[in-house]
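Here is a short report on one protein chain. Look at the model first, then read on.

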Amino acid sequence: MKRSFLSAVIIVVVLLSQSASLARMHQPSRDLSRAEILKRLPRPQDREMLRAGKARLEPVLRAEKSYTPHSYDVLHYEINMDIDIPGDTVRTASVFIDCQSQTDTLTTVDLRFFRMTIDSITVNGESKSYTRDDDELLVDLGGAVSQGDTFQVAVYYHGRPITGLVQMGLFISPSITYSIGAPEGAYRWYPCYDHPSDKATADLNITVPAGYIVASNGTLVGSKLDEKRSKAIYQWSEDYPISTYLICVVISQYTSFSMWYYTDQDTMEIPIWVAASDSADAVADFANLPDMIACYADLFGPYPFIEEKYAMATFNWGGAMEHQTCVSWGFPITGNQDWEHVVAHELSHMWWGDWVTYDDFADVWLNEGFATYCEALWWQYLYGEVGLQIYMDDMQDYYANWENSTGHRFPIYDPPPGYIYSPTEYEKGGCVLHMLRFVVGDSTFFDILRTYGTTYAYANAVTADFQAVCEAESGQDMDWFFDQWIYDQGFPEYSLLWSYANQGAKGYVLYVAISQIQENAPIFNMPVELGITTTSGSILDTVTVDDAQDFFQFVLQDEPLDVQLDPNHWLLCEKQETTVSDTTAPETIADLAIQLEGGAKSSSGDMHLWWTQADDDVGVVRYVVYRSTQAGSVGDSLAGAADTTYIDPGAAGDVNTNFFYTVKAVDWVDNKPDASNQVGEFDRSLSKGE
Ligand SMILES: [Zn+2]
């Protein structure tokens with residue numbers, strides 16, 4: 001590739017010692033070989049399966065999303081439901097919604113509810129009128145409710161939850177009955193204000209045929225058997241604020257077992273509900289959960305729902321869903337921990353998704369990118385620094401391959417319709433967090449996560465909120481990072497060339513040229529690690545790459561053998577490293593021109609020189625101007641020029657001395673051509689090009 005533009009700043013670095021690398025976190029808990037760790041990586045189809053369940057939901061979301069801002073705050077949901085499982089129907093249900101008015105003119109409450117039969121609606125116990133328009137439910141309050149006043153809406157209903165082709169709502173079947181409220185489908189099984197931003201507490205009182213177990217959010221307040229009616233009643237209470245899409249029921253004839261998570265202050269149960277036939281394998285598959293909770297609590301802050309539980313209940317949905325305190329699990333149970341990365345992903349959602357919840361789908365990476373990065377953090381816990389690097393290398397490759405093979409290239413922020421649950425939000429989001437960690441350092445990175453968590457605990461956040469925390473904790477403006485990685489698209493494709501020269505007693509000069517050759521993406525500005533192998537060992541150094549082409553020189557004591565770009569896999573990028581022997585000098589400049597400032601007869605002044613930029617097969621990094629007092633002689637070099645102009649100050653004015661100038665372009669490995677045409681002061685009567 002022929003390049004003629006000039007973009008270089010040469011940095012000469014004398015490398016003395018290896019940079020410090022990852023310092024945080026304890027020793028790996030498992031000592032596996034690199035080959036054994038590689039075998040445990042999720043396959044591409046495993047990554048797809050993690051997203052597949054939610055991806056099926058999205059078309060519905062986009063088709064039906066129709067929110068109006070509401071002027072009340074939901075404080076609490078009480079969901080009472082008698083489910084006739086053999087009859088595939090909700091026999092009776094009542095939902096009590098405690099609300100607080102946020103205006104003095106609130107006369108109706110706008111809820112969403114999907115097509116089951118409403119028997120009656122009351123407000124504060126009095127029957128009220130309502131209107132339904134498709135899934136919109138407007139309840140007449142019978143007069144204005146003042147700001148700050150609370151009221152309770154009760155909706156009594158029954159019927160068969162219509163799910164059809166839609167993958168959200170309440171799915172009733174004798175083997176497994178379960179709800180899916182994500183991304184915004186809670187209204188398909190209970191009336192609510194169905195937006196993640198309005199968190200409330202929740203009680204669920206669920207009646208099912210005897211023999212079934214109901215798993216749900218929060219604490220099991222009670223369960224009782226009504227022997228006369230052959231029914232079981234489960235009372236669950238979620239006392240931490242919860243978004244509507246995270247409220248769940250999962251019902252089956254489960255067997256269960258429990259693990260325990262201990263801290264200095266607390267003991268928390270980890271109940272697991274599975275089919276009896278899977279029980280032994282589930283014990284093995286989920287055995288790491290107590291350590292996993294401890295790992296994330298150490299990194300992010302205490303488990304957010306410590307007064308309640310962390311549970312998993314199997315269902316047959318073909319995915320997993322991070323219901324608050326009660327993950328629904330639809331992956332195979334094998335007894336070999338084959339889906340450990342999903343176990344970690346879903347658990348981490350308790351912090352990133354449930355504790356801090358995105359406010360809008362534009363910010364979905366705050367849930368999914370974070371949870372995907374947490375998979376890698378668990379690998380770091382298990383396998384140490386090498387585990388983290390292997391996991392991130394794989395995640396980066398997976399994403400780059402996906403983007404290249406599909407051509408889907410769009411910013412993380414506000415993905416286009418159909419791509420909310422895409423690798424851009426999951427894997428690229430995870431890669432961006434890893435790069436943020438690289439940029440700000442381990443200590444600041446985990447400070448950012450902890451502060452972000454406590455600042456938006458049990459509430460909602462948008463990308464700008466997260467950036468503000470990054471800026472406060474790091475003490476730097478982070479627009480440069482978020483603009484390129486969150487609000488713009490693509491990733492860098494680096495082409496690195498290297499060469500070196502033996503300087504004898506002075507050692508070796510290593511020349512490095514890095515080009516960014518990506519298309520349909522910005523030129524990225526990132527620190528980049530270079531791993532340099534010499535005859536005496538390895539050296540790691542960090543340079544800033546922020547142009548289409550950047551050049552670097554290193555002075556080494558020993559002969560360089562190899563140069564690797566980003567050897568520790570910090571960056572989402574593609575890269576190729578090539579060693580070259582470049583003996584081709586830039587072209588000779590033929591149009592050097594000169595003018596005396598101040599006019600032809602000025603008694604003294606500055607000499608202005610200019611020329612056209614020279615081409616080179618790799619890149620011109622600077623120019624050197626030469627000055628002689630003898631016509632036809634090159635003379636001594638003056639200071640170099642980075643641009644195609646040069647001023648020789650005060651060079652005119654001495655009638656006894658005439659100066660004669662030439663210029664040479666210098667390429668990245670210090671090749672120089674013959675001198676240019678010569679221009680000079682002559683008799684001080686100068687004109688351009690003389
Ligand atoms: Zn997720």
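Contact means heavy atoms within 4.5 Å. Helices (H or I, at least four residues) and strands (E, at least two) are DSSP runs, numbered from the N terminus. This is a predicted model: local features need pLDDT of at least 70, side-chain atom pairs count only at pLDDT 80 or more, and totals for chains, interfaces and linings use all residues. Residues are numbered from 1 along each chain as its sequence is written, and side-chain values use heavy atoms, with hydrogens and water left out.

**A helix and its packing**

Helix α8 covers residues 442–455, 14 residues in total. From first C-alpha to last it reaches 20 Å, close to the 20 Å expected at 1.5 Å a residue. The expected span is 1.5 Å times one less than the number of residues. Buried means under 20% relative accessible area, exposed over 50%, partly exposed in between (1.4 Å probe, protein chains only). Among the buried residues of α8 are Phe-445, Phe-446, Ile-448 and Leu-449. The buried residues of α8 pack against several elements, including α4 (289–300), α6 (365–406) and α7 (424–440).

**The zinc site**

What coordinates the zinc ion? His-345 (NE2), His-349 (NE2) and Glu-368 (OE) do, at 2.0 to 2.1 Å. Donors are N, O and S atoms within 2.8 Å of the metal (3.2 Å for Na, K and Ca); water is not among the atoms, so sites may look incomplete. Along the chain, the donors follow the spacing H-x3-H-x18-E. His-345 and His-349 are both buried.

**Aromatic pairs**

The structure holds 52 aromatic pairs. Rings of Phe, Tyr and Trp (its six-membered ring) pair if their centres lie within 6.5 Å; planes under 30 degrees apart count as stacked, over 60 as edge-to-face and the rest as tilted. Two examples follow.

| Pair | Centres apart | Angle of planes | Class |
|---|---|---|---|
| Tyr-77 and Tyr-190 | 5.7 Å | 75 degrees | edge-to-face |
| Tyr-399 and Trp-402 | 5.8 Å | 40 degrees | tilted |

Tyr-77 sits in strand β2 (residues 72–84), and Tyr-190 in the loop between β11 and β12 (200–209). Tyr-399 and Trp-402 are about one helical turn apart because they lie three residues apart in helix α6. Tyr-399 counts as buried, at 0% relative accessibility. Trp-402 is buried too, with a relative accessible area of 14%.
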